Amino acid sequence: MLKTALGRFRLVAFWEGLSFLVLLLIAMPLKYVLHMPLGVRVVGMAHGLLFMAYLYTLMMAAIEYRWGVKRIALAFVASLVPGGTFWLDAQLRGEALALETAKTR
């Protein structure tokens with residue numbers, strides 16, 4: 001999976017999406033309901049770093065596979081929607097399988 005730009009992007013997208021959900025569903029309720037802000041600081045920092053890695057790997061995949069502006073914009077918007085990166089991964093999974101199959105031939 002880490003051998004291709006698409007594989008690296010999918011991996012980072014998974015962790016970025018997971019960190020976003022943890023931030024929204026666990027860390028923020030801890031902060032605002034139980035007044036424990038440490039979770040938001042820690043998870044927020046991790047999510048921020050993963051978001052930057054997401055943008056970097058998105059651009060690397062977009063350059064290597066010559067994605068158009070529409071596809072890049074869709075991938076960017078998917079990172080802003082909770083669970084969006086998981087939907088995007090489902091869309092890209094078929095493409096990744098096709099690329100792997102083409103390489104083995």
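Contact here means heavy atoms within 4.5 Å. The model is predicted: local features need pLDDT of at least 70, side-chain atom pairs count only at pLDDT 80 or more, and totals for chains, interfaces and linings use all residues. Residues are numbered from 1 along each chain as its sequence is written, and side-chain values use heavy atoms, with hydrogens and water left out.

Start with Leucine 88. Leaving aside residues up to four places away in sequence, Leucine 88 touches Phe9, Tyr54, Ala75 and Ala78.

Now turn to the core. A nonpolar core is a set of buried Ala, Val, Leu, Ile, Met, Phe, Trp, Tyr and Cys residues joined through side-chain atoms within 4.5 Å. Buried means under 20% relative accessible area, exposed over 50%, and partly exposed in between (1.4 Å probe, protein chains only). The largest such core has 15 residues. Those with the most contacts inside it include Phe9, Tyr54, Trp67 and Leu88. The elements that give two or more residues to this core are α1 (5–33), α2 (38–65), α3 (69–80) and α4 (84–104). Helix α1 gives the largest share, five residues. Helices are DSSP runs (H or I, at least four residues), strands likewise (E, at least two), numbered from the N terminus.

Next, the record. An unreviewed UniProt entry annotates residues 12–32 and 38–59 as "transmembrane region". UniProt positions are given in the numbering used here, feature names are shortened, and annotations may be inferred rather than shown by experiment. Residues 12–32 are 100% helix and 0% strand, with end C-alpha atoms 28 Å apart. Residues 38–59 are also 100% helix and 0% strand. Their end C-alpha atoms lie 32 Å apart.

Last, Isoleucine 26 sits in helix α1. Isoleucine 26 is partly exposed, at 47% relative accessible area.
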